[in-house]
Amino acid sequence: MINVTKSYLPPLSEYVSYLEGIWERGWLTNNGPLVQELEAKLSDELDGAQVQFTSNGTIALQIAIKALGLTGEIITTPFSYVATTTAILWENCEPVFVDIENRTFCIDADKIEAAITPRTSAILATHVYGYPCDVHKIEQIAQRHSLKVIYDGAHAFGVNYHGKPLLTYGDISTCSFHATKLFHTSEGGAIIVRDKELADKIWLYKSFGHRGDEYFTLGVNGKNSEFHAAMGLCNLPRVASFIAARRELAKLYMQELADMPLQYPTMPEGLEYNYAYFPIVLPSEEVMHRVKDALVSNDINTRRYFYPSLNKLPYHSGAICPVSEDIASRVLSLPFYQDIDRLDVKYICEIIKNVVV
Ligand SMILES: *Cc1c(COP(=O)(O)O)cnc(C)c1O
């Protein structure tokens with residue numbers, strides 16, 4: 001069985017050595033030394049930004065929305081994982097979908113202004129597959145209309161854009177360190193901000209709103225544990241090698257699938273990509289299903305990342321987004337992880353070629 005991804009597991013002895021420290025200290029959670037060490041290292045990776053380790057990437061989005069005091073409408077992308085939209089709805093805001101552009105599959109910045117109303121409070125966009133939104137244009141729009149900007153950077157760890165970590169753009173960026181992500185802590189996420197005051201507010205929000213016996217605000221439990229931090233500390237030094245290996249595998253896929261009628265997201269100038277996913281867009285939904293079925297019958301799992309287009313969710317209806325709906329209906333994420341066998345990649349491509357002639 002070949003899965004769409006395989007979570008990296010560090011040598012067990014390495015993880016155990018962190019566990020020994022946890023056993024000695026008896027300190028399991030609540031801002032323990034491993035959480036602090038991981039946050040400091042992540043901050044180093046992210047140009048000194050304030051990084052808070054959270055229990056997952058979804059609560060990170062919810063806390064970000066809360067911390068910026070967002071109300072009313074939030075302009076967002078229909079082409080993302082469902083958590084981007086549900087975080088908005090869960091915080092009692094209204095997602096307003098703006099269609100994506102055809103190159104990066106990220107929100108089309110040129111269509112944002114037409115969707116702004118007096119009730120718009122923010123833009124929440126996803127750097128989908130780790131490809132960057134048009135951060136510069138979005139920043140200008142936000143300034144012009146006094147909007148906040150949150151980036152769902154769940155796929156963006158390890159990406160640099162115009163010489164800066166992609167996760168340092170926007171008022172707040174969030175990340176997910178879920179087991180399926182490029183860098184993972186089994187479950188986990190992060191909130192990344194530059195503003196110290198905002199960082200303090202976020203810290204309170206993720207810690208029940210109190211410090212010791214002093215109670216300041218309503219809060220929630222968004223903390224993460226020493227066990228998860230330990231997994232992160234094991235995996236973090238390996239991220240660069242994961243990216244290097246994935247770059248070679250992406251090259252192999254592209255080579256094997258060359259001359260096929262497939263579409264891929266394209267890299268804009270100034271991008272140092274992290275190769276988080278390997279999505280292909282098939283010529284039609286019907287061909288996509290045939291490819292998916294042919295792979296499944298060979299014990300190879302793919303995922304429809306990202307389907308459905310989020311404006312089509314059954315519990316919320318949004319404006320029509322033709323580009324997103326079209327891409328979502330035809331896209332398939334192929335098996336992609338650093339130690340996938342090169343022969344398996346070739347085999348997968350053979351199966352695809354036999355279906356898409
Ligand atoms: C994975 C993911 C999330 C959610 O992260 P969790 O850590 O699983 O809660 C949010 N947004 C996007 C785009 C994701 O891919």
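Helix 8 passes helix 11 in a right-handed crossing. In this predicted model, the two helices pack at an angle of about 30 degrees, and the axes of helix 8 and helix 11 lie 9 Å apart. Since angles under 35 degrees count as roughly parallel, helix 8 and helix 11 are therefore described as roughly parallel to each other. On the side of helix 8 the contact is made by Glu-248, Leu-249, Leu-252, Tyr-253 and Glu-256, while helix 11 contributes Arg-342, Val-345, Lys-346, Ile-348, Cys-349 and Lys-353. Sorted by class, the residues in this contact of helix 8 with helix 11 comprise six nonpolar and five charged ones, with no polar residue among them.

Helix 3, which spans residues 57–67, packs on helix 4, residues 82–90, at an angle of about 40 degrees, with the two axes 9 Å apart. Helix 3 and helix 4 are therefore oblique to each other, and helix 3 passes helix 4 in a right-handed crossing. The contact brings together Thr-58, Leu-61, Gln-62 and Ile-65 of helix 3 with Ala-83, Thr-84, Ala-87, Ile-88 and Trp-90 of helix 4. By class, this contact of helix 3 with helix 4 holds six nonpolar and three polar residues, and no charged ones.

**Charged pairs**

| Asp-339 | Lys-6 | 3.3 Å |

The salt bridge between Asp-339 and Lys-6 links distant parts of the chain, for Asp-339 sits in the loop between strand 14 (331–333) and helix 11 (342–355), whereas Lys-6 belongs to the segment before helix 1 (12–25), and the two are 333 residues apart. Asp-339 counts as partly exposed, at 48% relative accessibility, and Lys-6, at 43% relative accessibility, counts as partly exposed as well.

Because Glu-248 and Lys-251 are three residues apart in helix 8 (residues 239–256), about one helical turn separates them. The relative accessibility of Glu-248 is 37%, so that Glu-248 counts as partly exposed, and Lys-251 is partly exposed too, with a relative accessible area of 47%. Elsewhere, salt bridges that share partners join Glu-73, Glu-94 and Arg-119 into one network.

**A strand residue and its contacts**

Glu-272 is located in strand 12, which covers residues 271–272, and at 46% relative accessibility Glu-272 counts as partly exposed. Leaving aside residues up to four places away in sequence, Glu-272 touches Gly-158, Val-159 and Asn-160. The C-alpha atoms of Glu-272 and Gly-158 are separated by 8.4 Å, although these two residues are 114 residues apart along the chain.

**Backbone details**

The peptide bond that runs from Tyr-305 to Phe-306 is cis, with omega near 5 degrees, and Phe-306 is placed in the loop between helix 9 (285–296) and helix 10 (322–330). A cis peptide bond also joins Tyr-307 and Pro-308, where omega is about -5 degrees, and Pro-308 lies in the loop between helix 9 and helix 10.

Although Tyr-129 is not a glycine, it has a positive phi of about 60 degrees. Asn-30, likewise not a glycine, has a positive phi of about 65 degrees. Asn-30 is found in the loop between helix 1 and helix 2 (33–45), and it counts as partly exposed at 45% relative accessibility.

How values were computed
Residues are numbered from 1 along each chain as its sequence is written. This is a predicted model: local features need pLDDT of at least 70, side-chain atom pairs count only at pLDDT 80 or more; totals for chains, interfaces and linings use all residues. Side-chain values use heavy atoms; hydrogens and water are left out. Axes are lines fitted to C-alpha atoms, for helices over the stretch in contact, and angles run from 0 to 180 degrees between N-to-C directions. Helices (H or I, at least four residues) and strands (E, at least two) are DSSP runs, numbered from the N terminus. Angles under 35 degrees count as roughly parallel, over 145 as roughly antiparallel, 65 to 115 as roughly perpendicular and the rest as oblique. A crossing is left-handed if the near helix is turned anticlockwise from the far one by less than a right angle, and right-handed if clockwise. Contact means heavy atoms within 4.5 Å. Ala, Val, Leu, Ile, Met, Phe, Trp, Tyr, Cys and Pro count as nonpolar, Asp, Glu, Lys and Arg as charged, and the others, Gly among them, as polar. A salt bridge is a side-chain nitrogen of Lys or Arg within 4 Å of a carboxyl oxygen of Asp or Glu. Buried means under 20% relative accessible area, exposed over 50%, partly exposed in between (1.4 Å probe, protein chains only).
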